[in-house]
Amino acid sequence: MCGALAVLAVTVLAPLPALAAKYAAIVVDARTGEVLHEENADTLTYPASLTKMMTLYLTFDALDSGRLRLDQALPVSAWAEAQSPTKLGLRAGKTLRVEQAILGLVTKSANDASVVLAEALGGSEAKFAEMMTRKARELGMRNTVFRNSNGLPNMEQLTTARDFSILSRAMLSDHSRYYPYFSRRAFVYGGRSLNNHNRLMSRYEGMDGIKTGYTVASGFNLAASAVRDGRRLVAVVLGGKSAASRDARMEAILDKAFDKPSRGSEAPVVARAGDEDAPRVTAKGKPPAKAETIAQLASTVSTPAAVRPPARARDEDADSPKADGSKWGVQVGAFSTREASNRALTQATKQAPFLLRAAKPAVMPVKANGSTVYRARMVGLDERTARKVCSELTRNGHRCVPVSPNEKL
């Protein structure tokens, strides 16, 4: 064994004792990387099902590069079937579509679906875990080691709150077109409606993802992202004593962080993922204070290719409120001038004239830290039409993000 595989074989230098679940938290400005709150952010602990965020990140990489398609049927192995709950109940010899696997991970946190993706991309789950660790190094996750694709207990699978804040920002930056999957409230599979484990999304203003996790060793974990007044934050809470206390703590640290202005007037306003003028977030976090015990791994970063946005499955979110159907909209960018926003709206109308025939253009200035951006939105749509509009515009090379009634139009 040599090269990267040899490095991975010695990433854990000595047998590790089991770690007790310990509270850790961090809140970061998604645009600037400014740390707004941290507590034990570099303490080693277990990621539990937050692990699936990296499985999804690599899946989205594969979709961008054309190695996977959303409608592609993947084989289910005996190893996938044998995974412990929670799971979809897949059977060896059957298949699972890529999009079904994604939704299974996002909502049900399905361990069997995670293995299906891992084996499709890595050949085996063990090799895929090596890919996950390499990608972690590329993103700047200095203290994370992955040993499986789903977060089931493994004493060598370690991370920190800071590392998962880096992954959360990278997800928003690198895969903004797929990020709306994380706001999915429910997923129908096998005749069952599977609700998203992240209940905080239904009550915390502006929250639209990302992932929950729990094992006895890790405690209750949550990585989350929320946007208010054009400013997006990502936060990670690890080691909660219960789901309720974890959620309450997440609400408290996010509220406090939203009340705290960003440092430096040069920091531009953060627009929603997919906004035209929003710069890419570089996934660099503050290095951990402790000595790094994991060797740096070199690997090339794939260049994303243009693909269509995630298609919404036909089933409706089981626990979505029955809001006024005309309160949805779409955002086609955020620009430095009102004129640029108007041009974007005109172009969008030309590309989808039938779908946008009843919509109204809206240019919305957002001010923060001395800067102004102008959101270009078409409003007065129902949810289905809004998502169809974004599918059509993205196929024609335009950016588009559906805007729900829960977000300020």
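Predicted model: local features only at pLDDT ≥ 70, side-chain atom pairs only at ≥ 80, totals over all residues.
Helix 2 (residues 51–65) meets helix 6 (residues 125–139), with axes that come within 10 Å. The two axes cross at roughly 90 degrees, which means that helix 2 is roughly perpendicular to helix 6. Helix 2 contributes Thr51, Met54, Thr55, Tyr57, Leu58 and Asp61 to the contact. From helix 6 come Phe128, Met131, Met132, Lys135, Ala136 and Leu139. By type, the residues of this contact are 8 nonpolar, 2 polar and 2 charged.

Helix 5 (residues 111–122) has 12 residues. Its span from first to last C-alpha is 16 Å, close to the 16 Å expected at 1.5 Å a residue. This helix is mostly covered, with 11 of its 12 residues buried. Among them are Val115, Val116, Leu117 and Leu121, as well as Asp112 and Glu119. The buried residues of helix 5 pack against both helix 2 and helix 6. They also pack against strand 3 (73–75), helix 3 (78–81), strand 4 (95–97) and helix 4 (98–108). Glycine 123 follows helix 5 and has a positive phi, near 90 degrees.

The whole structure holds 1 disulfide. It joins cysteine 390 to cysteine 400, with an S to S distance of 2.0 Å. Cysteine 390 lies in helix 10 (residues 383–395), and cysteine 400 in the loop between helix 10 and strand 13 (401–403). The two cysteines are 10 residues apart. The torsion about their S-S bond is about -65 degrees, so the disulfide is left-handed. Cysteine 390 is buried, at 3% relative accessible area. Cysteine 400 also counts as buried, at 13% relative accessibility.

Terms used. Residues numbered from 1 in each chain as written. Heavy atoms only, no water. Axes fitted to C-alpha atoms, helices over the stretch in contact; angles between N-to-C directions. Helix = DSSP H or I, 4+ residues; strand = E, 2+ residues; numbered from the N terminus. Parallel < 35°, antiparallel > 145°, perpendicular 65-115°, else oblique. Contact = heavy atoms within 4.5 Å. Nonpolar A, V, L, I, M, F, W, Y, C, P; charged D, E, K, R; others polar. Expected span 1.5 Å × (residues − 1). Buried < 20%, exposed > 50% of the residue type's maximum accessible area, 1.4 Å probe, protein only. Disulfide = S-S within 2.5 Å.
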